[in-house]
Amino acid sequence: MCLVWDERSDLLEKTSKKVLTFLLAFLITFTSIPFINTAAQEVMSLKEVYKDYFLIGNVINPSDLTNTEKYNFIKFHYNALTPENNTKPDYIWPDSTREPSFTAADNMLTQVKADGFYAIGHALAWHNQSSGWPPSGQNYAEARESLRRYIHTIAGHYSEGPYKLDAWDVVNEAMRDNPENPTDWRNALRSSINPPERPSRWYQAYANGGNGWDYIYDAFLFAREAAPDAVLYYNDFNDEELPNKAIAIASMVKELNERYAKEHPEANGRKLIEGIGIQAHYSTRLNIDNLEKCLKIYIETGCRISITELDVQINGTSLFVRPTEQQLKEQAEVYAKLFMLFKKYADYIERVTFWGVADNNSWRSGGYPLPFDSSRQPKEAYWAIVNPEQYLGLDVQPPKLTSFEFGGEVFNVGNKTEFDVNVPKTVSNIAFSAENITHPYPADDVDVSVTLNPADGAVSAGKPCVAAVKIAWKESPDAYTSYTINFGHMTATWDIDQNYPDTGYRSTVNIRFSDGESSFKLFQEFYNLEDGKLVMLNSKEFSPLPKHASGTFTIRTDSKLDTNYLKTLKLKKSVWDQNWTPIAPARVTDFNIPENYWKLAKTIETDKTYIVVSVNSGLALTNKNVATVPATGGVTNAKRGLAGTAVTIENDIIVAPNPIPDNIRFIFWERTSPDPGPYTKENGYTGYLLQCLVHGSSISPYIMWRDTSSDMTAPLRTDATIGDNDLDRAVWFNTGIDPETGETTLFLHTGSSNYTYALHGNEAGFVGQGGTGPLEQYAEVSRVKLYEYVSDYSYEDITSVGTKISLAPVESLVTGCDADITVRADVPDGCKAFLVKDGVSLVSATFENGKATISVKGSDVVPGSNYAIVIYDDSEILGAVVVPVEGAGDNVFNIGTEFNMEYLIPNKVLDAKVNAKNNGSEDYQVLVILALYDPEGRMVNVSYISKQIVAGSTEEMNAGFILPEDVTGYKAKVFVWEGQDLENSSMTPLSNVSEIS
């Protein structure tokens, strides 16, 4: 099977075959959890079980080909193979001064390809197992040529012949774990500073005279040149623990693919980075929900996804401590949940590859991580993989929705479980219930529930209403499917800004709940701090997003701004729609004040990251072993512990080091201790695992725990896993944070032995200090403070952008009234001032001596439209100001128009609703006309209604008719007019025309 960049698979055929595969697996396997007698069951080929979902892969080594029994086992279960080591730099070309050695890999891959396997090269650019590349001491130009030479040689060799590879892991493990600002992917990369262990030597070499991050783009570009038929992957690990790493990877992939599309139009839409590989080195503590979030983030990039190095180790085992039956069941359950998730997103997943044929072949063999034991016999995990639904007790597939309806629009569900739905600004409360939902089952067979948050369906700018939808079998309520539907007004939120040498000062805004109509204008306004004058204005316009979609938009200066110069400026960023209406408040940055920093925490929250600082020493807890750390109180038998890093704190903010090293940041995961003694939830104590995602030579995320001890000093460790039954030595409680000082004590407690150990820090590092005495005996000498990462921005509502504009003699427009508006601005002669209505220019005037006069016709001024004065200098927007509209005299109407559907639907009743509020002192009549036009523009149907609106009152008016069978190309329009006497006086339009098609 050759998977090339253009998609040729038939999605419908793939989906229909899934049901047949499920039934086949269900008939062959037992109907109960199959631990008791697996020998009696028929072992199925994994690649056959999942042939209609995705490829099933494993690793291959040259010695495997000479082991007939093992290779036949591989051929039976797998259809994709990745060389475990033989295409890594240290194996194929360890010395750049010599020629590469292809023989071993060539022979192996020739056989593999002849046997029909899909073959993946692993890996071209990597910080590990790449001691000879790049050669030491190179600068940017030399490193770029070395990277080109390496990739062209290796990937070029395997782009043809009997050993031609189908895909490559081009860049491997380039990202740091849990970066603070994930959309700033450049600063999320491994560099010489972060992480302190295993930095990228390619990054370091490129940074010697260039931009370190450019090696990523170059690696993929060179791979595309050398292997034009191969699928190119970015591959990484630990992206499932928290979404930050996945967000950073996705941000990088999207930006580099956009860059490639712009620089290489001949690619005709083919992506440079076509796939994202999730290594999937997991343990039995995996949070499946976090992994699903990661998958959704990657799916939005439009790339294919592969699970590239799957294994699930059991915590607390070793080569000398075998897993218990219960631990094997726990491992199997994780595998079952994983493969249920993979099947759920099978339309996006290309391949699932295990990293090792059997437990004794695994680099994590002490954790027994694979579905086959050392004799290649199926473990509990194998049966869970073959039929995950049955293993988890789901005798039937859970029911699913087919569609839901909102605002006259139908949303097909497919395989999605989360949706963003745009709600018109005129709607402040949504009505959504089970009646809006469609499913293919008899109503008596399923229960459908909808829970709104907030319960009244309130929705406003920046505050969506979330509908939690659940559909379950009545006879099997545990078999259910959950959906999340977010209903929101179009919103814009700003990302972290960065100043880059290659792209300048970048400002990025995220748009959600697109209305499908609004285009976006982004502005960067740099003001001088001393006199407040505008010194630089950047603007960029973007086309509308599809309705209900989300997107990221970026504006940047032409070049990097000097850091000292930045400190003289204030930045105001704004985003406007095509009607010159601000979509969100402007965000203001004073470059003398940090926007993001580590600040003293007064609370502890799960899933958040903290820096732990000893009150005694002022050192920050650091995930790095130190040989001996004494406790206080005259203890002489010092124990191994963790290091401390010096930090500088001013006004409760960590100001140095800068940047913060990764290994002093710990994630606090809420967890229940198996032996807590009195420190329970009921008694007001919450336990946390403290996890650091920097692991030195290992890939597993380790938690901090105390080794067994029976004296005053207990060693602290993070370099090995600990079993769930021993988590009393890893679940940390706290004495509560002092609201004044921010001090607390973190401590462990084992109820059965009455051991209590506090996290104690001194000049030598950190260790556990305690024993069997009361907590108070250790707490006061083991105080710490926690620091959390916070963002502190200021916002302001905006009515203007760019150059300051003043209007005279009037500052607003009046319905139906002619006016001359003098526009004053400090702009060169010859600039144009335009009056813009709903994004369309009405009239213009030319500046002379800082002044331009715009003449406005009263017939052009109607309530409900958006007006702005925009100043242009050729194609540059120098400034804009919103112009408000007032009603004539006292007779001011507020008009709201709304259709009962989002688009015309054949044979349905089209209803137009108008809410008319008379704010004036006299009664007026209002006329509503609903007209239908055919594709030729001829009126083919009309409905109208008129009412007298008493002063100070509000009336709802409806006009409607049945639409014809064919509405292709048809349009409907609503006109609203007012007058004191419909028969004897002329009518005045009350609002702009509303239209639907």
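Reader: Which order do the strands of the five-stranded open sheet have?

Author: First, the ground rules. Strands (E, at least two residues) and helices (H or I, at least four) are DSSP runs, numbered from the N terminus. Two strands pair if DSSP finds at least two bridges between them. Here the order is 21-20-23-24-43, with antiparallel pairing. The edge strands are strand 21 and strand 43 (794–796), and each pairs on one side only. Neighbouring strands of this sheet are turned by 20° against each other on average, direction ignored. For such angles, axes are lines fitted to C-alpha atoms, for helices over the stretch in contact, and angles run from 0 to 180 degrees between N-to-C directions.

Reader: What kind of model is this, and how are residues and atoms counted?

Author: This is a predicted model: local features need pLDDT of at least 70, side-chain atom pairs count only at pLDDT 80 or more, and totals for chains, interfaces and linings use all residues. Residues are numbered from 1 along each chain as its sequence is written, and side-chain values use heavy atoms, with hydrogens and water left out.

Reader: How many bridges join strand 20 to strand 21?

Author: Eight bridges join strand 20 (residues 520–528) to strand 21 (residues 534–542), and the two run antiparallel.

Reader: Which residue is the bridge partner of K572 in strand 24?

Author: The partner is V588. Strand 23 (residues 569–576) and strand 24 (residues 586–590) pair in the antiparallel sense over four bridges.

Reader: Is strand 56 mostly covered or mostly open?

Author: Know the cut-offs: buried means under 20% relative accessible area, exposed over 50%, partly exposed in between (1.4 Å probe, protein chains only). Strand 56 (residues 924–933) is mostly covered, with eight of its ten residues buried. Ten bridges join strand 56 to strand 57 (residues 939–949) in antiparallel fashion. L930 stands opposite S943. The two strands form a hairpin with five residues between them, and G937 in the turn has a positive phi of about 85°.

Reader: Which residues have a positive phi although they are not glycines?

Author: N651, at about 55°, is one of them. D652, at about 65°, is another. N651 lies in the loop between strand 29 (648–650) and strand 30 (653–656). D652 is found in that loop too. N651 is exposed because its relative accessible area is 74%. D652, at 37%, is partly exposed.

Reader: Where are cis peptide bonds found?

Author: Look at omega. The bond from W133 to P134 is cis, with omega near -5°. P134 sits in the loop between strand 3 (118–126) and helix 7 (140–157). A cis bond also joins N453 and P454, with omega about 5°. P454 is in the loop between strand 14 (446–453) and strand 15 (465–473).

Reader: How many cavities of 30 Å³ or more does a search of the whole structure find?

Author: Six. On a 1 Å grid over the protein atoms alone, a cavity is a set of points where a 1.4 Å probe fits but cannot get out; lining residues have an atom within 4 Å of a point. Grid points are joined across faces, edges and corners, and a volume is the space filled by probe spheres set on the points. The second largest cavity holds about 60 Å³. Its lining includes D177, R665 and F666.

Conventions
1 Å grid on protein atoms, 1.4 Å probe; cavity = no way out; pocket = protein on both sides within 12 Å on 5 of 7 lines; lining within 4 Å.
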